[in-house]
Structures are given as structure tokens and as C-alpha cells.
Amino acid sequence: MQTDLKSCGNQIAVLKRHHEEQAAETARLQSLLDTRDSELDSHKLIIAELKENISDRKEDTALLRQKLQLAESSAEKALRALEKSERMVQSTQQDLLELEREQHGKEKQHQKSMEQLHLTISQLEDKVTALVTEEKRLRWESLLRLL
């Protein structure tokens, strides 16, 4: 019986060691599980932050799209205004060319009128000179007849 008791004591000691090993392994596994849970919570926080960042980026992207649309609209308006200005400049240039042609025509007409006026003045001077000469001749003749 003593052998049985000794054998039972040995078995109890083996079971106790086995139980202690199991408890140590359970504690080690629990520590690993706690670490994993902590890492999982940390990862969940990171994922939540990333989701929030994605949401913020989506909002930023939507705002940027709106700004881009406004910029495109402004650019189109500016382009239309520029095209209108170009047409106005072309029209003004054509008007200026036409005015220059008219001015040139008027200058030519004025020059012709001045030439005609000079010719008329010259002819009148010649006639006046002829009349004065004729008057002088007639006076001389009249004076000579009186003598």
C-alpha cells in the first residue's frame, strides 16, 4: 500500500507539475491573447481614423471638384469675353482703316480743291493784271487824245 501511496504521490506530483505547466501555458496564452486584443483595439482605432480620413478626403475632393467647376466656368467666361474683345478690336481696326481711307480721300479732294483755288487765283490775278494794264492803256490813250 505504501507503494501505492508513493505511486499516488508521484502521480500527484506529476499532475501538479503538469497542472502548473498548464497554468503557466494558460497564463502565457492569456497574455498573448490580451496583447492580440490590445493590438486589435489599436488596429480598430487606426481603421476608424483611416475611415475618417477617407471621408475627409472625399469631402475635400468634392470641394475641389466644385472649385474646379467654378474655375472652368470662369475660364469659359473669360474666354468668351476675350473673343468678344478680339472681335471689337478687329471691328475697331476695320473702322480705323475705313476712316483712314476716307481721310485720305478728303485730303486728296482738299488738295485738288486747293490746286483749283490756286489756279483760279492765278487766273484772276492774270485777269486783274490785264484789266489794270488795259485801264492804264485806255487812260494813256485818253490823255494823249486830250493833248
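Trainee: Is Arg-145 buried or exposed?

Mentor: This is a predicted model. The relative accessible area of Arg-145 is 66%. Exposed means over 50%, so Arg-145 counts as exposed.

Trainee: Which residues do salt bridges that share partners join into one network with Arg-145?

Mentor: The side chain of Arg-145 meets that of Glu-141 in a salt bridge (3.7 Å, N to O). Glu-141 also meets Arg-137 in a salt bridge (2.3 Å, N to O). Salt bridges with shared partners make one network of Arg-145 with Glu-134, Arg-137 and Glu-141.

Trainee: How far apart in helix 1 are Arg-36 and Glu-39?

Mentor: The side chains of Arg-36 and Glu-39 form a salt bridge (3.2 Å, N to O). Arg-36 is exposed at 52% relative accessibility, and Glu-39 is partly exposed at 34%. Along helix 1 the two are three residues apart, which means a separation of about one helical turn.

Trainee: Which residues form a nonpolar patch on the surface?

Mentor: One member of the patch, Leu-147, is found in the segment after helix 1 (2-146) and is exposed, with a relative accessible area of 84%. The patch has about 670 Å² of accessible area together, and its residues are Trp-140, Leu-143, Leu-144, Leu-146 and Leu-147.

Terms used
Residues are numbered from 1 along each chain as its sequence is written. This is a predicted model: local features need pLDDT of at least 70, side-chain atom pairs count only at pLDDT 80 or more; totals for chains, interfaces and linings use all residues. Side-chain values use heavy atoms; hydrogens and water are left out. Patches are made of residues with over 30% relative accessible area and no salt bridge: like charges are joined within 9 Å, nonpolar side chains (Val, Leu, Ile, Met, Phe, Trp, Tyr) within 5 Å. Accessible areas come from the Shrake-Rupley method with a 1.4 Å probe; for residues, only the protein chains shown count as cover. A salt bridge is a side-chain nitrogen of Lys or Arg within 4 Å of a carboxyl oxygen of Asp or Glu. Helices (H or I, at least four residues) and strands (E, at least two) are DSSP runs, numbered from the N terminus. Buried means under 20% relative accessible area, exposed over 50%, partly exposed in between (1.4 Å probe, protein chains only).
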